[in-house]
Amino acid sequence: MINEIFNAWGNLDNWIVVAGILSAICCAIPGCFLLLRGMSMMGDAISHAVLPGLAVAFLLSGERASLTMFIGAAVVGVLTALFTQWISRFGNVDRGAAMGIVFTTLFALGLLMIVKAADHVDLDPGCVLYGAIELTPLDTIPFLGQTEIPRAVIVLSLVLIVNVSGLVLFYKELKLCSFDPGLATSMGIPANTIHFGLMTVVALTTVACFEIVGSIIVIAMLVVPAASAFLLTNRLLPMILFSCLFAALSSVFGHIGAISIPKLIGFESTITSGMMAVASGALFLTTWIYKLINRSLKTGSQITETKNGLNKKLNR
């Protein structure tokens, strides 16, 4: 098995790994704030609800890789957050139920429209669900007139720059609004504006990662690395850094696993995006076990110290 892993590592396609790392880190950054706000499933809602925007863009432009597609999906993603907020606030509906109402309705509508769009453009509905990261190296554009770089890598790099820039510029506001929106509002920070700004970032990130890892895997990248990081620390900045680390490792281990593990059970290979989610879950499980062991050791140490203290008092 070890030899298989090393052979897989030697045959890794660098651009696939780079695209996976970029997409995972792009999702991990806003995912931390969604987790802290108790809105992790908002990423689920947006990643599914953008389908109508994609389908409309396909029907209007006749192309998969177009600015129209990106704008259409991003607009619908932001509208998903707005509709969820409105239904929850004015309909007195639980926020989780509101998310379910919005994303299931838009997702079903999007699937119907994508089936229609698939008759007119080269669109595989399956790629919407699990992406096409293996095809990343085939779609390249000239860079500085000297080399060819995959279009997805450039797009994801720009999205990552936007996400990191937004984090640096609005770190204080995001932190305060995530932990105590009421206090943020009383201090003059527009909590609602920060909220919808975050939702816009989630929508843009989801759309950018859509073609690479698909809607289902985007959910895993938004939630699991942040949840793993939250097990290790209760401080925001270390949590974000740990989340990005787990996201990058998920991409690397996922691609290795997609190449090596199926061969061990008689198959040739599997999709990298799916194995990224599996690797992310494995990292979460490992972190959780470490947390349990560490907590048990601390508890045992505290019990021992307490017993020793009582014995000393009794001996006096």
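In which helix is Thr-206 found? Thr-206 is found in helix α11, helices being DSSP runs of H or I with at least four residues, numbered from the N terminus. The model is predicted, so that local features need pLDDT of at least 70 and side-chain atom pairs count only at pLDDT 80 or more, whereas totals for chains, interfaces and linings use all residues. Residues are numbered from 1 along each chain as its sequence is written, and side-chain values use heavy atoms, with hydrogens and water left out.

Thr-206 is buried at 1% relative accessibility, where buried denotes under 20% relative accessible area, exposed over 50% and partly exposed in between (1.4 Å probe, protein chains only). Leaving aside neighbours within four places in sequence, Thr-206 is in contact (heavy atoms within 4.5 Å) with Ile-46, Ser-47, Val-218 and Leu-222.

Leu-222, likewise in helix α11, is buried at 2% relative accessibility. The C-alpha atoms of Thr-206 and Leu-222 are separated by 9.0 Å, the two residues being 16 apart along the chain, while those of Leu-222 and Val-202, 20 residues apart, are separated by 8.9 Å. Besides Thr-206, the residues that Leu-222 touches, not counting those up to four places away in sequence, include Cys-27, Pro-30, Gly-31, Leu-34 and Gly-43.

Thr-233 lies in the loop between α11 (191-232) and α12 (236-264) and is buried, with a relative accessible area of 14%. A polar atom of the Thr-233 side chain lies 3.1 Å from the backbone nitrogen of Arg-235. Not counting residues up to four places away in sequence, Thr-233 touches Pro-238, Met-239 and Phe-242.

Note on methods:
Helices (H or I, at least four residues) and strands (E, at least two) are DSSP runs, numbered from the N terminus. A polar contact is a pair of N or O atoms within 3.5 Å; within protein, one must be able to donate a hydrogen and the other to accept it, and residues adjacent in sequence count only if both atoms are side-chain atoms.
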